[in-house]
Amino acid sequence: EQIFGRIGLRSDEQGLLDWSDAANLLSESGTLYISLPSENPISQALIRGSFTNLYSHEISQRTSAQLPPKYRLATIDGESRDMHFVSESFEGPRADFDLHIIGPIERREGQSRLVLKFPTSRGTEIIKRIYEINRVRSLQGEKTLRVSVDPYDFI
């Protein structure tokens, strides 16, 4: 339960991959002990040897939460005073792009993060806009922002 109880966007995915790897190492007469309750969807997928229902449910949950694979994420890190400006620079396109902005989130003293969620179909346009903001900042002699597109984890 600790493997699947971790906090993270891909903790269940990584846990299932680890368990699947272990199951693939079994000999034909080998036995796999699953310590999760039998009603757990992950246990059911391992017992059945079919992950279709599990993945379909996972994708529908992620879609409703606007998370990958149907949506893309970008994180932008920089000085707190700059994050409000960056957030405001997306005010117009927010409705046009179906863009959801979380933050700015204080990370440590003077540093903040913005998390942008957007549909995969609009990804190229939004990513270009993020890099355009960084390009303008660089040309103005300001410190560039740290940008991560589709990060493994965004917390």
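**Close-up views of a predicted model**

**Figure 1. The aromatic pair.** The count of aromatic pairs in this predicted model comes to 1. F51 and Y55 form the pair: their ring centres are 6.0 Å apart and their planes meet at 35°, so the arrangement is classed as tilted. F51 has a relative accessible area of 22% and is partly exposed. Y55 is also partly exposed, at 44% relative accessibility.

Figure 2. S20 is part of helix α1. Its relative accessibility is 18%, so S20 counts as buried, the cut-off for that class being under 20%. When neighbours within four places in sequence are left aside, the contacts of S20 are L46 and F51. F51, shown in Figure 1 as a member of the tilted pair with Y55, is partly exposed at 22%.

**Figure 3. The largest pocket, with a volume of about 290 Å³.** Its lining is made up of 14 residues, and those nearest the centre are D12, E13, L54, Y55 and E58. Helix α3 provides the largest share, with 7 residues. By class, the lining of the largest pocket holds 7 nonpolar, 3 polar and 4 charged residues. Y55, one of the residues nearest the centre of the largest pocket, is the partly exposed tyrosine at 44% relative accessibility, and its ring is paired with that of F51.

**Figure 4. The second largest pocket, holding about 210 Å³ of space.** The residues that line this pocket number 14, with D77, G78, R108, Q111 and R146 nearest its centre. The elements giving two or more residues to the lining are strands β1 (71–79), β2 (100–108) and β3 (111–119). Sorted by class, the lining of the second largest pocket consists of 9 charged, 4 polar and 1 nonpolar residues. For the largest pocket, the corresponding figures are 4 charged, 3 polar and 7 nonpolar.

**Figure 5. A charge over a ring: R129 and F90.** The view shows R129 placed over the face of F90. The distance from R129 to the centre of the F90 ring is 5.7 Å. This value falls within the 6 Å limit on distance for a charge over a ring.

Definitions and conventions
Residues are numbered from 1 along each chain as its sequence is written. This is a predicted model: local features need pLDDT of at least 70, side-chain atom pairs count only at pLDDT 80 or more; totals for chains, interfaces and linings use all residues. Side-chain values use heavy atoms; hydrogens and water are left out. On a 1 Å grid over the protein atoms alone, a cavity is a set of points where a 1.4 Å probe fits but cannot get out, and a pocket is an open set with protein on both sides within 12 Å along at least five of seven lines; lining residues have an atom within 4 Å of a point. Grid points are joined across faces, edges and corners, and a volume is the space filled by probe spheres set on the points. Helices (H or I, at least four residues) and strands (E, at least two) are DSSP runs, numbered from the N terminus. Ala, Val, Leu, Ile, Met, Phe, Trp, Tyr, Cys and Pro count as nonpolar, Asp, Glu, Lys and Arg as charged, and the others, Gly among them, as polar. Rings of Phe, Tyr and Trp (its six-membered ring) pair if their centres lie within 6.5 Å; planes under 30 degrees apart count as stacked, over 60 as edge-to-face and the rest as tilted. Buried means under 20% relative accessible area, exposed over 50%, partly exposed in between (1.4 Å probe, protein chains only). A charge sits over a ring if NZ of Lys or CZ of Arg is within 6 Å of the ring centre and within 35 degrees of the ring normal. Contact means heavy atoms within 4.5 Å.
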